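Have your viewer ready and your selection tool at hand. We will walk from the chains down to a single pair of residues, one selection at a time.

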Amino acid sequence: MQSYQLPHFPTHLSCVHTALYTDVSESDLLRKRLITASTAEGSTGERERDAVNFAFIEARLITSVEHLRTAVYQAVLAAAQGGLRTKTVHSEIIWALNPSNNISEAMRRYGVSDTTASLVVVRIGGPELLAEDVERDMDAAIKGIKAPFARLEDLTDWTAVKKYHKLGNEVGIREVKDNPERERAVVDGIVVSSVAMKSVMG
Amino acid sequence: MASASLNLISGATLISQGAEAKVYKARLTSEPSDPAVLLKHRFRKGYRHPTLDGSLTRARVAGEARALLKCLRAGVNVPGLRMVDAVEGVLGIEWIDGQSVRKLLPGGAGEDEDGASEDDPEDADSLNEYDIPVDILMQLIGQEIAKMHLADVIHGDLTTSNMMLRHPSSFKSRHPTLSTELVLIDFGLSFHSSLIEDKAVDLYVLERAFSSTHPDSEPLFASVLTAYEQRMGKDWTAIGRRLDDVRLRGRKRSMVG
Amino acid sequence: MPGRVRQIPLKNPDRPYLAIGLEGSANKFGAGVIRHREDGSTVVLSNIRHTYITPPGEGFQPRDTALHHREWALKIINECLVKANVSMHDVDCICFTKGPGMGAPLQSVALVARTLSLLFDKPLIGVNHCVGHIEMGREVTGAQNPVVLYVSGGNTQVIAYSRQCYRIFGETLDIAVGNCLDRFARVIDLSNDPAPGYNIEQEAKKGKRLLTLPYATKGMDVSFSGILTAVEAYTFDKRFRADGQPRNPDDQDIITPADLCFSLQETIYAMLVEITERAMAHIGSKEILIVGGVGCNERLQEMMSIMAKEREGKVFAMDESFCIDNGIMIAQAGLLSFRMGFETPLSKSTTTQR
């Protein structure tokens, strides 16, 4: 797990914990659990929501650490300004990743799905939230193998990324199609920028 | 409590201040390994009605961000976006390590504002450092502008100060023989247009910038145009003709009468 | 690009010089007598003007305006000479507005100037109206190297002196700011007395609601025609109350003429201040000089001072006797040219609308 701070934000939003899991199994159960938790009532509901209080992100659609961090930044910024479009800062990260404004489409694509095999998990909180506790909760919620973020680029499904961002026919992509390494860099550049400016895309 | 973006700025290093915005270098996270970003803050204008000021700032931040994304998608070399806070008027973009073309060409370093003397002595001939002959540099300029115009983005303020060469050490080149890349920056006055007139005026503005900043630069600008022409293809005929018209009338009328 | 070479300082004159200036490029006819003394100082001996005022809802037509100037020219010139206590024989040159402005009024005044020149055998000096404003502004305020915002019924320009020329850095791409104000005053039937812009300014003080209007700056240029259309459109809005009064106590969501004047002023003056600031940043000047009829507007002056303060600069604004078109500014600019050895031969004493 990687933790970092956003020191200029209000303290309750200033700590970010992120982890990457590969070989994830039972993602269908995880998805069902998230749905149940969101509507469960009483103290059991509270506890359940606490246990899965993370952003669960489809890792194959993340092109780089910068991509992830940009989405986290814009979500935290929206939360700090009282401008969330979704219920929580965690769902806001998923919303920020999706090119369109459709919330359920964002959850379907960038959230956990029944076929999810690798996951990026994010928790935003304050300094009172200890990294080891967060890590323990993450491990408890996910059946999979924790991996360093350097693995991210092997997991990326570039075809899906290009499709969702409608990059198939862009001049900038066509120009570099003979050089896969370069193409990935260009796609990543566009994707990161799209996430950064989503709030003003209009 | 001050907003997050203003906190961010208060800890950032001021790079320059223009009429529109202040520019800073900052880091978005606590991670020293995270790349630096350039923050462009369109600060509040006290003379403007607050409502008007707010909506204008928002629209301009959005406009600049959209122009940059449009360029990226069209394969124009521009800095990527890193964060946008339209409420506070802050745009965070990729920090580019390198040098402005203005300072690399004869005459451009003269009225330097941020003390080039601190740089190493090689600075005098720093095109060597970038390992790029002047005529190739001019070609790159022409090509990038053509790519931008093909995407119907008008820069609005083309000068040699608004173009940078990436420093070879900071950048993995995709080009077989070139170790640098030309990047167009500062899209603060840019807009979307497919009009021949707007493209011709964009070129004319650059031509004037060349002649006023770099002495005896006519052949330089001519090779910029040659590269532009090649890249624009059939669109060039009309733009070239219009450029001649614009030159004759001058962008700004003189005061006669 | 022809411009006027600025020789600073122009040597002090070897004797006192006297000039009369005649201005009539728009709806004001003005005459003024100026003296340049040996010590380099300048004295305004007289500055008199008469304005052609049309009924509310009407603008001034070239033909009628020319008639007005013809009718008033001799009366005003006489009055001007009497007040200055000089005779036409005493003046060194006769200065007149060559342009830019409305054709017919310009011609009627040029005709007067030519006649006087032939009658009294005095040299003629054709003066650019804008340069007149600027030179008078520099003289009155003592500004050294200002960015000049020239705003009037016919002109909207940001001008600065650079490389031996007055150069236009920014200008309107369509109608002038004063024209925009005048035409809107007609739409809401404001009086043209003393000036439509003045009445808009008074009305705007009562406005509360800022309505959205297009904000049209493009680099250092501005455009007003879209704003005029948009502000006019509000008068057809179902919330618009021409009398400014709610129809009943529940009628709260209303737009009044005062709101429109307020919104119009806030928007167009913000645009003008913005392009002025851009020009200042461009040439590195910290001085601003506002000239032209719209320059009398106190809100514009206030906004400009705030901007100047933020940049640690200074605004030079003038009182209305010099802001609004007048004869003395033509005399001032003309006499400076004359002392530089410039003269307009009779055959070249034409006028130009641009």
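Contact here means that the C-beta atoms of two residues, placed from the backbone, lie within 7 Å.

Before going on, a note on what is loaded: this is a predicted model, where local features need pLDDT of at least 70 and side-chain atom pairs count only at pLDDT 80 or more, while totals for chains, interfaces and linings use all residues. Residues are numbered from 1 along each chain as its sequence is written, and chains are lettered from A and ligands numbered from 1 in the order in which they are written.

**Stop 1: chains A and B.** Now bring in chain B. Of the 2 pairs of chains that touch, A and B have the most contacts: 29 residues of chain A meet 26 residues of chain B. On the chain A side, select β1 (2-5), α3 (65-80), α9 (171-174) and α10 (180-196), each of which supplies at least two residues. Helices (H or I, at least four residues) and strands (E, at least two) are DSSP runs, numbered from the N terminus. The top contributor to this side is α10(A), with 7 residues. Colour the chain A side by type and you get 13 nonpolar, 12 polar and 4 charged residues. In this scheme Ala, Val, Leu, Ile, Met, Phe, Trp, Tyr, Cys and Pro are nonpolar, Asp, Glu, Lys and Arg are charged, and the others, Gly among them, are polar.

**Stop 2: the domains of chain B.** Where they meet, 13 residues of domain 1 of chain B contact 14 of domain 2 of chain B.

**Stop 3: a sheet in chain B.** Next, find the open sheet of 5 strands, ordered β1-β2-β3-β5-β4 (chain B) with antiparallel pairing. Strands pair if DSSP finds at least two bridges between them. At the edges are β1 (13-17) and β4 (81-85) of chain B, each pairing on one side only. Zoom in on β1(B) and β2 (residues 22-26) of chain B: 4 bridges join these antiparallel strands. To finish, click T13(B), whose bridge partner in β2(B) is K25(B).
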